[in-house]
Amino acid sequence: MTLTGETALITGASRGIGAAVAQAFARAGANLVLLARTTADVERVAAATRALGVKSLALAADVSRPQEVEGAVVAALEEFGRIDVLVNCAGIYGPIGLLSENDMQAWAETIQINLVGTALCLHAVLPKMMAQRKGVVINFSGGGAVAPLPRFSAYAASKAAVVRLTETVAEEVKEFNIRINAIAPGAVNTHLLDQVLAAGEGAGTEFYRKAKEQKEKGGTPPELAAELAVFLASPVAAGITGRLISAVWDDWKSLPQRAQQLDGTALFTMRRIDGRQFTEVE
């Protein structure tokens, strides 16, 4: 699954899953443009990837701000001349607790970063990919995308929307040889887990208990999602688009052999379990 000669722009690259994705892409040979809000943190990750023999540009940018996203894309193009892969890892939990008690400004900020930030990056990068008639986008799902996640309503709503955004825009750009998929990374021990632990029972008794257990046992390695991201970005995954794929539960390595089977089906998408669509006409 080589990405030699490709250029990948990765948001949220300063820690957690984003940093793991950056390392995995560097090992696969891709040159990198790494975005995060804190310069020192993202530069640290960039330095580690350069040690693997690739070029790596570290940029401070907030994905919720259109001008900063556009500026980062311009800088990436000035440095490398093209963007072949976009990985949207940036995201926050937002307010934890009952919706009726949430700070709604913080709630809206979560949507702005997780959903609008992803859309802004797509908006800035897709025209370049369409012009070169080639590209891959990888978005990240999360808890609440396909099942209720009480006390995390902003996060859950934003991640469900990211999955449907993935499915929708994948159809829009398919004719340009651009693939867009979403990854469900599993229960990874990131700074988001620390926020749950800090919230205590405010996160819900059962969710808090599971969070403590996850912290003790180590959770899902972020490298698993990073490996899936490399797979989806590589030519091996040609024909796979508009899908939500679990890094933990899905046999994703077999998907290339099933690409034709997937086309035109609801497999690996957000749908009613009975397959019915509300747009159907009786």
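Is the crossing of H1 and H8 left-handed or right-handed? Keep in mind that this is a predicted model, and then look at the two helices: they cross in the right-handed sense.

Let's stay with that pair for a moment. H1 covers residues 16-27 and H8 covers residues 222-233. Their axes come within 8 Å, with a crossing angle of roughly 50°. Angles under 35 degrees would count as roughly parallel and those from 65 to 115 as roughly perpendicular, so H1 and H8 end up oblique to each other. On the H1 side, the residues that make the contact are Gly16, Ile17, Ala20, Val21, Ala24 and Phe25. They meet Pro222, Glu223, Ala225, Ala226, Ala229, Val230 and Ala233 of H8. Sorted by class, that contact has 11 nonpolar residues, one polar and one charged.

The largest nonpolar core holds 46 residues, and Val21 and Phe25 are among the four that touch the most other members, along with Ile10 and Ile138. Which elements give two or more residues to this core? The helices are H1, H2 (39-50) and H8, and the strands are E1 (7-11), E2 (31-36), E4 (85-88) and E5 (135-140).

Now for two single residues. Is Ala72 buried or exposed? You'll find Ala72 in helix H3, residues 66-80. Its relative accessibility is 5%, and since buried means under 20%, Ala72 counts as buried. Beyond its neighbours within four places in sequence, Ala72 is in contact with Leu35, Leu59 and Ala61. Thr265 is another matter: 193 residues along the chain from Ala72, with 36 Å between the two C-alpha atoms.

Pro148 sits in the loop between E5 and helix H5 (153-173). The relative accessible area of Pro148 is 78%, and because the cut-off for exposed is over 50%, Pro148 is exposed.

Terms used: Residues are numbered from 1 along each chain as its sequence is written. This is a predicted model: local features need pLDDT of at least 70, side-chain atom pairs count only at pLDDT 80 or more; totals for chains, interfaces and linings use all residues. Side-chain values use heavy atoms; hydrogens and water are left out. Axes are lines fitted to C-alpha atoms, for helices over the stretch in contact, and angles run from 0 to 180 degrees between N-to-C directions. Helices (H or I, at least four residues) and strands (E, at least two) are DSSP runs, numbered from the N terminus. Angles under 35 degrees count as roughly parallel, over 145 as roughly antiparallel, 65 to 115 as roughly perpendicular and the rest as oblique. A crossing is left-handed if the near helix is turned anticlockwise from the far one by less than a right angle, and right-handed if clockwise. Contact means heavy atoms within 4.5 Å. Ala, Val, Leu, Ile, Met, Phe, Trp, Tyr, Cys and Pro count as nonpolar, Asp, Glu, Lys and Arg as charged, and the others, Gly among them, as polar. A nonpolar core is a set of buried Ala, Val, Leu, Ile, Met, Phe, Trp, Tyr and Cys residues joined through side-chain atoms within 4.5 Å. Buried means under 20% relative accessible area, exposed over 50%, partly exposed in between (1.4 Å probe, protein chains only).
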